[in-house]
Amino acid sequence: MPRAEVTLDKIVSLSKRRGFVFQASEIYGGFESTWDYGPLGVELKRRIADAWWRDMVMAREDVVGLDSAILQAPKVWEVSGHATGFNDPLVDCKACKGRFRADKLAMSQCPRKPSKHPGEHSDCALTPPRQFNMMFKTQVGPVEDSAAITYLRPETAQGIFTNFLNVQQTMRMKLPFGVAQMGKSFRNEIVTGNFLFRTREFEQMEMEYFCRPEESAAKFEYWVAERLRWYRSIGLREENLRARPYEKKDLAHYAAACTDIEYRYPWGWDELEGVANRTTFDLTRHSEASGKKLQWMDPDTKEWITPHVVEPAAGLSRLVLVALLDAYDEDVADGEPRTLLRFHPRIAPITLGVFPLVKRDGMPEKAREIVRRYLDRFPVFYDESGAIGRRYRRQDEVGTPFCATVDGETMTGGTVTIRERDSMKQERVRIEAIGDWIDARTRA
Ligand code: GAP
């Protein structure tokens, strides 16, 4: 059966209906494309973040973590170039009062002509483009003067550069090594939209990999391949992922190379993660401005090296959207249409649903015992209401890969039936073996 058509409307509606994502400030009519993560959304986001942290930090000897502040000295943003250069070209339409990014006009819809194809602004009364800085300005402390102005960070990366020496020295790191961090970033985007794709408040997962200049080209290739491999490891479909190298003329001023890892969204191929070779740009700039020597001394040659930086920078909130899009499917189960999310067991918000077949004969108590036994190991959910088929269907719709049913045989023989979401096959498994049975399928 071919895969069902996935539209953003279906994903937005399922997200609200099943508690993944709600509109922020919904009871007041919402607020400027900001979103709140519901009980299942926050689990999905956490599990994706955990998988990233495990594979990028815990499983690697050459990478350590960091959690730097969102508010930094304004000097950081001056030196990084964000205060003056982090701009998008803004155009206003005098007729429709719409505001657009001049470089994304082809992808924006004119509100005056909503029936028209996106991008048809040819007869709009557009102003010439002016530069609009995307950083969120804020004031620190009670005194309102220019000295109290700083910005919410627009990327997590700068906190890593400013801590280069702290991390290198305290952890005695040797080149090549990486510093990873995840957290909120803020950009006053001119145009937001496509649900979680482009928002003003979002989460990033970034890693700065410091290496010798002569090895940076090879490390760059390595990280592009590694990041693609990682997306496949959390279950994203091969055909929806691709790497798109930038042409030289499109590179940011600090980058020697950049490749976007793109996903095939309902509106076409677009960015999911950027992998950049930022060369020595940031460390050199911060060294010059701070007077601190942000370098590493090779213990063998005693030579001081300013490392090159290869940066795989992903969006966590954007990846939540991608996970939902990629997992969405519709098929027919037992003669009835079903909607399901085919999440990989590593990221599914619930790993195991546990159901008593009937609400008597000790089955609910036995099912609760199984829940208690496994809830430290993976997310487990107990459900006793409605027919078994309906309970399966509810778990399918939120992407639960496995459901265990406690029945008469459980009470006499100590086994449950585990039903697998995608194949709908059932297998009897001993209660004490459920954990390993699931682990084997999570690693596969
Ligand atoms: N430190 C490099 C950096 O920040 P970026 O390409 O601007 O690079 C990295 O951002 C990733 O962060 C993007 O690939 C995207 O996934 C995510 N991202 C950037 N802006 C975003 C926004 N407004 N909303 C959601 N995610 C965003």
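Helix axes here are lines fitted to C-alpha atoms over the stretch in contact, and angles run from 0 to 180 degrees between N-to-C directions. Helices (H or I, at least four residues) and strands (E, at least two) are DSSP runs, numbered from the N terminus.

The model is predicted: local features need pLDDT of at least 70, side-chain atom pairs count only at pLDDT 80 or more, and totals for chains, interfaces and linings use all residues. Residues are numbered from 1 along each chain as its sequence is written, and side-chain values use heavy atoms, with hydrogens and water left out.

**Exercise 1. Work out how α2 packs on α9.**

Step 1. Find helix α2 at residues 39-58 and helix α9 at residues 316-327. Their axes lie 10 Å apart, at an angle of about 110°.

Step 2. Classify the angle. Under 35 degrees is roughly parallel, over 145 roughly antiparallel, 65 to 115 roughly perpendicular, and the rest oblique. The two helices, α2 and α9, are therefore roughly perpendicular.

Step 3. List the contacts (heavy atoms within 4.5 Å). From α2 come L44, K45, I48 and A49; from α9 come L316, L319, V320, A323 and L324.

Step 4. Sort by class. Ala, Val, Leu, Ile, Met, Phe, Trp, Tyr, Cys and Pro count as nonpolar; Asp, Glu, Lys and Arg as charged; the others, Gly among them, as polar. The contact of α2 with α9 has eight nonpolar residues, no polar and one charged.

**Exercise 2. Describe the shell around the ligand.**

Step 1. Count the residues near the ligand (a heavy atom within 4 Å). There are 20, and E155, E189, T199, E206 and E271 come nearest.

Step 2. β10 (201-211), β13 (268-279) and β16 (308-315) each supply at least two residues. β13 gives the most, with five.

Step 3. Find polar contacts with the ligand (pairs of N or O atoms within 3.5 Å). A polar side-chain atom of E155 sits 2.6 Å from a ligand nitrogen. A side-chain N or O atom of Q204 is 3.1 Å from a ligand oxygen. G315 places a backbone N or O atom 3.0 Å from an oxygen of the ligand.

Note on methods
Near = heavy atom within 4 Å. Polar contact = N/O pair within 3.5 Å; in protein donor to acceptor, adjacent residues only side chain to side chain.
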